[in-house]
Each structure stands twice: as structure tokens, then as C-alpha cells.
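Here is a friendly walk through a two-part story: how chains fold, and how they meet.

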Amino acid sequence: MYPDNLRYTKDHEWVSVKDATGTVGVTHFAQKELGDVVFVELPEVGKKLKAGDEFGTIESVKAVSEVYAPVAGEVVEVNGALVDHPEIVNEDPYGRGWILKVRLDSPAEAASLMDAAAYQAFLAGQKH
Amino acid sequence: MVDFAGWDMPVQYHGVVEEHLAVRTHAGLFDVSHMGEIEIRGDGALAAVQRLTCNDAARLAPGLAQYSAFTTEQGTFVDDIIVYCLARDRYFICVNASNASKDFAWVASHVPKGVTALNRSDEFAQIAIQGPEAEAILRGLTETDIHALKAFTFAESRVAGVPALVARTGYTGEDGFELYCESGRAAELWDTLMGVGAPFGLTPCGLGARDTLRLEACLMLYGNDIDDTTTVVEAGLNFILKLDKGEFIGRDALARQKAAGAPRRLVAFEMVDRGVARHGYPAQIDGAAAGHVTSGTFTPFLKKNLGMAYLPAPAAREGHEFDVVIRGKPTRARVVKTPHYKRPARSAGGSA
């Protein structure tokens with residue numbers, strides 16, 4: 001449920017790094033807490049994000065939730081499939097449910113985020 | 001689980017969408033024991049109910065129920081309610097959980113000597129079974145001929161051996177029943193219903209699906225769509241406003257407003273642009289403030305972003321477009337016919 005090749009944030013985003021590109025989505029925990037996702041608001045390609053910047057919104061039937069950039073970079077691609085099929089975020093949060101790709105300002109930055117074991121320990125401490 | 005008016009309640013069991021669709025296609029089971037119950041009894045009970053409510057309770061024979069409201073002198077809502085006539089001198093009134101104490105104080109302060117008002121909220125649990133299969137599930141569990149029970153009628157009966165008031169009422173826009181029983185026996189009734197209902201696709205449903213279902217059917221939620229600042233006329237509930245029944249609290253104000261026309265009206269709308277409208281979002285017409293969204297969500301059966309909003313009367317007509325401000329961005333919406341969802345007519349009984 002929490003792949004080892006990803007890095008995680010306390011706001012429940014994940015990032016995977018390949019060369020200088022980071023792919024970002026929300027975690028299994030986030031999609032489960034949100035419930036049925038019905039709307040994803042995506043940023044524009046070209047937008048420059050700092051780590052911690054809000055870059056979009058995910059709405060389930062009952063809740064509105066902001067999503068934040070795990071790392072700094074420029075948005076180079078967004079997952080347009082989520083516009084018509086936001087439920088993909090629930091179905092496959094680490095695969096087809098990715099949200100955006102950024103050209104990383106610093107490919108090393110992601111290493112400062114939690115790894116899978118640390119994130120799971122963090123979740124366990126959240127009393128959920 | 002969430003806190004709702006002091007009750008610890010599930011938002012969902014498996015998922016709002018799944019539960020919502022179960023009610024539209026098969027059946028759903030709701031523990032709505034949080035709802036309040038007030039009984040008014042005595043020789044002057046009918047006169048007291050008539051004075052407190054805007055619908056005409058004189059039309060109720062024993063076994064009949066009606067949607068109604070407790071109204072203020074200004075014609076606004078103390079609460080919206082269902083009045084069940086147990087006898088001509090006994091009325092059982094289902095009220096909103098969050099209003100139960102306030103309602104009881106209001107009722108108690110307005111009933112004349114000789115009429116007794118009882119807050120029976122703690123004595124009663126309520127389980128709602130809603131959906132096209134509801135009748136089939138209940139049929140074998142009660143001696144009452146529930147096929148013959150029409151909408152807004154009820155019977156004092158037993159369900160699976162548990163004494164219950166079985167009413168063909170609901171809050172989902174679907175056919176179904178609301179079962180009022182002694183609090184201590186609700187768990188047993190729930191378990192029996194789930195056991196018998198499972199082969200019919202009966203699904204336990206939480207507050208989330210209850211809200212999306214009622215919104216799809218444009219049924220009012222007190223605190224969102226109506227409250228003590230909005231009137232019966234503004235809410236468009238003319239079918240429960242019986243100005244010719246005689247004096248009642250708020251009658252003069254409502255008669256005046258009905259004659260003059262309300263300055264604002266509650267409308268149903270659908271989003272034209274992408275975006276989910278939510279309770280409290282501002283409405284704009286040509287960039288100017290024009291009211292607010294009272295309820296809004298993505299509706300799982302119709303698969304649209306729908307809502308209700310108060311708009312100035314000239315804009316409150318079908319087809320009129322306005323903007324809902326979503327996170328600072330005006331997003332186009334269009335006034336549509338109410339309700340969003342109306343269940344298909346069925347050959348089975350109870351769809352009156």
C-alpha cells in the first residue's frame with residue numbers, strides 16, 4: 001500500500017523521482033480518507049511550485065481537500081484523465097491516478113521526505 | 001464516525017457513492033435514531049398543532065402523515081417536521097435532531113392548558129429502509145399489509161416481533177419506510193432487517209448518502225436550505241402552506257409575502273462549468289453578490305454537480321444562468337426544474 005520507491009509527505013502526497021522529473025500523487029491513505037473522489041482541479045503546465053505550495057484541489061462527495069507540492073519544480077505535465085475520471089485517484093493512486101509531473105529544481109530534495117517505513121510510522125502515530 | 005448534534009454517527013459504511021446507488025437501485029438501511037419525536041395530546045391537541053404548524057392538520061385522519069413546519073411570527077422556520085396523526089387527540093411529530101430541544105421548548109410554550117406536549121426523543125429509535133426493494137424486504141416481517149400502505153400513511157404494527165410505527169415516509173426521494181421503535185430494541189430490529197434484506201441488496205447507509213440522496217430529490221435540510229431566517233414562501237414550500245385553514249403562528253407574515261411575492265427564492269441548479277458547489281459558496285449575477293448556495297455536491301445517481309441556492313426573485317427562473325464562486329472563481333451554473341431527481345412511477349403500491 002506504500003511502495004518503497006516513493007517518498008511521502010505529512011499531507012499525504014507521494015513523489016517518485018526519475019532523473020530530473022518528479023511524479024506526484026496522493027497516497028492510499030489520502031484516497032481512503034477522502035472517499036469517492038468526484039473532482040480534481042489541476043494546475044496549469046508551466047506553473048512554478050515551491051515545496052509546500054498548494055497546487056490543486058481534490059474533492060470527494062463529502063469533502064474538499066487541498067494538495068501540496070512535496071518538492072520544488074515547474075509543472076511539465078498534468079494528468080488530464082482525472083478531469084473526466086477523477087475516480088482513478090481511488091482506484092490506482094500510485095499508478096494511473098498520478099496528478100502531475102514537475103521538472104525538479106533539485107533532484108536530491110525528495111530524499112529529505114519520509115520513506116515508506118517512516119510514512120507508515122507517521123500514520124500509525126495519527127490515531128487513525 | 002462524526003459528531004452530529006451530539007450523536008456519534010457514521011458518515012459512511014462502505015462509501016457514499018455505493019450507498020447512494022444502493023438506495024436508488026435496491027435498498028438502503030439508515031439508523032436515524034438521532035431524529036427527535038414530540039407528542040402532542042389532549043382534547044385541544046388538533047387546535048394546538050394547527051396553531052403551531054403551517055400545513056392543515058385537520059386533513060389528517062388517524063394513520064395519515066403530512067410534511068409541515070413549525071413557523072415563527074415572521075413566517076420563518078423553527079423546524080420542518082412530519083406530523084403523524086395517531087388519533088384526533090394524539091399527534092406524533094418527527095423533528096430534526098439538532099432542533100429537538102429548541103422545538104420542544106417552543107411547542108411547550110405555545111400549547112394551551114389541557115394539552116400535553118411530551119419530548120419522547122429518548123424513547124424512540126428510528127430506522128429508515130429506503131429503495132425500490134424496501135417493500136419486498138418488509139413484507140414478510142410484518143402482519144400489516146404494507147403493499148396497501150400508501151405514501152404518507154402509517155400503521156402501528158410489529159416488525160420482526162418489535163412493536164413499531166411503520167410509516168411510508170422518507171428522506172431520499174425513493175419509495176420506502178421509516179420505522180419508529182422503542183430505543184432498546186433498535187439494534188435487534190436493525191440486525192433482523194440486514195439479515196433478511198441482504199439477498200435483496202440491502203446496504204447500510206450513513207449520513208453522507210442521506211445528504212446526497214435528499215439533495216438529489218431537493219428535500220430540505222434545516223440549517224442549510226431553511227432556517228429561522230428563511231420563510232416558507234422563499235423556500236418554495238407552497239404545498240405545505242395552507243393560509244385558508246385558520247389562524248396559525250406566522251400566517252399574517254406569510255400571507256403578506258405570498259401576495260407581494262418573495263424578494264428571493266430557493267432554486268435548484270446544476271453546474272454548467274466544471275466545479276462542485278458547496279454549502280455557503282456565494283452566488284453572483286454579472287459579478288454582483290446575489291445570494292448563496294445552501295446545499296451542493298456531486299450527486300452519485302445523476303452524476304452531476306447539483307445544488308440549491310437562494311437567488312433574487314427575478315433570477316429565480318428555470319434556465320437563468322448565474323455564477324457560483326468556487327475558491328474565488330466565478331463558475332457558471334444554471335437554474336433547473338426542481339426536484340433534480342424524481343423516482344420513476346412504479347406499478348407497485350405506495351407511490352402516491
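## A covered strand in chain B

Is strand β12 (residues 176-182) of chain B mostly covered or mostly open? Six of the seven residues of β12(B) are buried, so the strand is mostly covered. Here a residue is buried if 20 or more other C-beta atoms lie within 10 Å of its own, exposed if 12 or fewer, and partly exposed in between, with C-beta atoms placed from the backbone. Helices (H or I, at least four residues) and strands (E, at least two) are DSSP runs, numbered from the N terminus.

Please keep in mind that this is a predicted model: local features need pLDDT of at least 70 and side-chain atom pairs count only at pLDDT 80 or more, while totals for chains, interfaces and linings use all residues. Residues are numbered from 1 along each chain as its sequence is written, and chains are lettered from A and ligands numbered from 1 in the order in which they are written.

β12(B) runs antiparallel to two strands. Seven bridges tie it to β9 (residues 124-130) of chain B, with A125(B) partnered by C181(B). Four bridges link β12(B) to β11 (residues 162-167) of chain B, and there V166(B) has L179(B) as its bridge partner. Two strands pair if DSSP finds at least two bridges between them.

## Two domains in chain B

Chain B is divided into domain 1 (2-216) and domain 2 (263-336), with bounds from an automatic or database domain assignment. Their C-alpha centres lie 30 Å apart. Eight residues of domain 1 are in contact with seven residues of domain 2, where contact means that C-beta atoms, placed from the backbone, lie within 7 Å.

Which elements supply the domain 1 side? Both α1 (16-25) and α6 (207-216) of chain B give at least two residues each, and α1(B) has the largest share, with five. By type, this side divides into four nonpolar, two polar and two charged residues. Ala, Val, Leu, Ile, Met, Phe, Trp, Tyr, Cys and Pro count as nonpolar, Asp, Glu, Lys and Arg as charged, and the others, Gly among them, as polar.

## Where chain B meets chain A

Between the chains, 13 residues of chain B are in contact with nine residues of chain A. On the chain B side, α1, α6 and β16 (288-299) are the elements that give two or more residues. That side is made up of six nonpolar, five polar and two charged residues.

## The fold of chain A

Chain A has four helices and nine strands, in the order β-β-β-α-β-β-β-β-β-α-α-β-α from the N terminus. Six strands form an open sheet with antiparallel pairing, ordered β1-β2-β3-β9-β8-β5. β1 (7-8) and β5 (48-49) of chain A stand at its edges with a single partner strand each, so one side of each has no neighbour in the sheet. Within the sheet, five bridges join β8 (residues 73-78) to β9 (residues 100-104) of chain A, and E77(A) is partnered by K101(A).

Among contacts in chain A with a separation of 6 or more, 64% come from residues 24 or more positions apart.

Terms used. Two residues are in contact if their C-beta atoms, placed from the backbone, lie within 7 Å.
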